[in-house]
Structure formats: structure tokens, C-alpha cells
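Hi,

Here is the model I promised you.

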Amino acid sequence: MAAESGKIDPMHQFAIEPLFGTDHLALGGYNIAFTNSALWMVITAVVLWIFVAGGMKRQLVPGRWQMAVEFFTGFINKLMMENVGAAGKKYVPYVFSIFMFILMANLLGLLPIGLFGLHPFTFTSHFTVTGVLAIMSFSIVLIVGFWKHGLHFFSLFVPHGTPLPMIPVIFPIELVSFLVRPFSLGLRLFVAMTAGHVLLKVLAGFVINSTNAGLGYGALVGIPSFTLMIGISALEMLVACIQAYVFALLTSLYINDAEHLH
Amino acid sequence: MDAEAAKLIGAGLAAIGAGMAALGVGNVFGSFLESALRNPSAADGQQGRLFIGFAAAELLGLLAFVVSMILIFVA
């Protein structure tokens, strides 16, 4: 395995460990141990709740905190208005929740609390988590689509003006591209976060191993690697925001398909 | 060839895909900036489309990363 060449295993940060002695907690034959992943989900939800609750003052002249919360609500509101129109108003709470949850999770996973001996865990770097988030968005599309349009929803797979002989060809292609959506939605978030964290840990491994090998190697390899790490960390914060935005944006586009067909 | 060596070579070849996605993402943002500077007033309205293009181009690079990760750690 490639990871054995250095002492630092970049994949170890994604290991899921049961906490608080709940290793064998089971429900209906399934293990439901309270893991570090679950702990960080709780932390994310609590931080998000505090952030939003702190801004719900409804003052006429908003303070800084209220401005921050209203920036995000206004941002998602605008996103839904632009992409779905007036029908998108009722989905704003859902898209806002999922956007803020992913954003907070991505950013909390980048916290440098390793300095204090704690280990941040980015649960969005697991396909089980992002997959469920994607399935939630996808099921809303399916439920709304079939509820509103009935079997007419299948006309989504036949674009306007398709010539009759082309329909048997176009229909399966559009159907497959529709069915791949939840997969690509979850995969994008999970891989983007995983890739960034692996890259940071690999560079950290360079710094540690080169410095251990001697001062000359440390200066030659360690310092450039560390400089690169600082830059990559900034890039990762950008990626954390962009991925949350892309998830919300694609969710809004898919909801638009369900609301208006083509 | 040793199966382990072939896996690692395959993972390295998959990295070409990541580089190609870099070309794609650069093309998306480059073209956007090029046209945004020609007509700055219309640029803000196209930001959603910009990120859709970015997401589509990036996904293919991420798939290349997944292929290499699967080759190294799973296969």
C-alpha cells in the first residue's frame, strides 16, 4: 500500500470510531454506536442553531450578527427566486438548512483545533453522509414532481421539439442522466472534501518526515511544503464554501425541474 | 507486471484526468472573465450558470480522483 511508505497515514483522519463506550450499542441487529462522525454532526447542528438563533432578533436596525444571518437567508432566497421563481418560496427553508449544514460542517472540519490535541472530523468527507443529503434532495424532486404533475412528470425526459423517431433514443439517455443526479450530487461534495483533507495531510507528512530527517531536509522540503499548506488551507476554505453553494444551487435547479418540468 | 505495480501505475494514469479537469475549470472561469469584462453589467446575472459549468467540469476531475483512490485503497 502507498500509505506505508511514510509514517503518516493520510487516510487515518477519516476513520470512524465509536465514542463514550457505545461500541456495541445495537438496534434491531444494527450497530448504532455514537461515533465521532455523529458527534461532529451534533456539534454542527448546535453551532448552526446558535448562529441562526442569535440573529433572530428582528430589529429594525440590525446588528452585526443579525446582518450575518440575514445575508445567508437573503442569499438563499435570491438563489431560489432566480432559479425556481415564485414557486421556490416554499423550498427556501429546506435549501437554507442544507446549505448552512454543509457549510458549517465543511468549515468546522477545517478548524485547527489539532493544536489543542482534539481532532476535527469532516463528516461531509463520507459518502454515507453526503449520499443521504443527496437522496433527500432527490426524493423531494421525485415527490413534488409526481405529486404536481402525475405521470406527466415523465415528459421531463423528452425535451420540447424532439422528433418522434428520436424519442426512443432520447428517453433512456435523459432517464439515466436524471437517475445519476443524486449520485453525482453526493459524490461531488464527498470527493472534494476528501481530496482536500488528504492533500493537507500528505503535505503535513512531508513537513514532519523531512524535519525528522535533518535540519537541511527540513529547510529544503519542510518550509516550502508548509508554505504550500497555508495556501492550500485558504483554498480549502474557498472549496468548503463553493461546494456548499454548488449543492444548494444544483438542488434548486432540480427542484425547478420538478416544479416546472422543462 | 506485478498486479500491485499495475494498480499504482493505473492510479498515476488516473491523475491525468485531474489535470484535464484543471484545464476544464480554468476554461470555464477564463471564458467567464473574458466575457464579463466585455459586458460587466450582465456578468452578475450569469453567476449561477458559471457555477453550474464549474460543477460539471470539476465533477469529472473528482471522478478521476475516485478512480485512483479505489485503485490504491480498495482494488
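The crossing of H6(A) and H3(B) is left-handed, meaning that the near helix is turned anticlockwise from the far one by less than a right angle (clockwise would be right-handed). Helices here are DSSP runs of H or I with at least four residues, strands are runs of E with at least two, and both are numbered from the N terminus. This is a predicted model, where local features need pLDDT of at least 70, side-chain atom pairs count only at pLDDT 80 or more, and totals for chains, interfaces and linings use all residues. Residues are numbered from 1 along each chain as written, with chains lettered from A and ligands numbered from 1 in written order.

On the H6(A) side, A:Ser184, A:Leu187, A:Arg188, A:Val191, A:Ala192 and A:Ala195 meet B:Ala55, B:Leu59, B:Leu62, B:Phe65 and B:Val66 of H3(B). Contact means C-beta atoms, placed from the backbone, within 7 Å.

Over the whole interface, chain B puts in eleven residues and chain A 14 residues. Helix H3 (residues 47-74) gives the most on the chain B side, with ten residues.

As for H6(A), its 33 residues should span 48 Å at 1.5 Å a residue, and the end C-alpha atoms are 47 Å apart, which agrees; the expected span is 1.5 Å times one less than the number of residues.

Chain A as a whole has seven helices and two strands, in the order β-β-α-α-α-α-α-α-α.

Cheers

Terms used:
Two residues are in contact if their C-beta atoms, placed from the backbone, lie within 7 Å.
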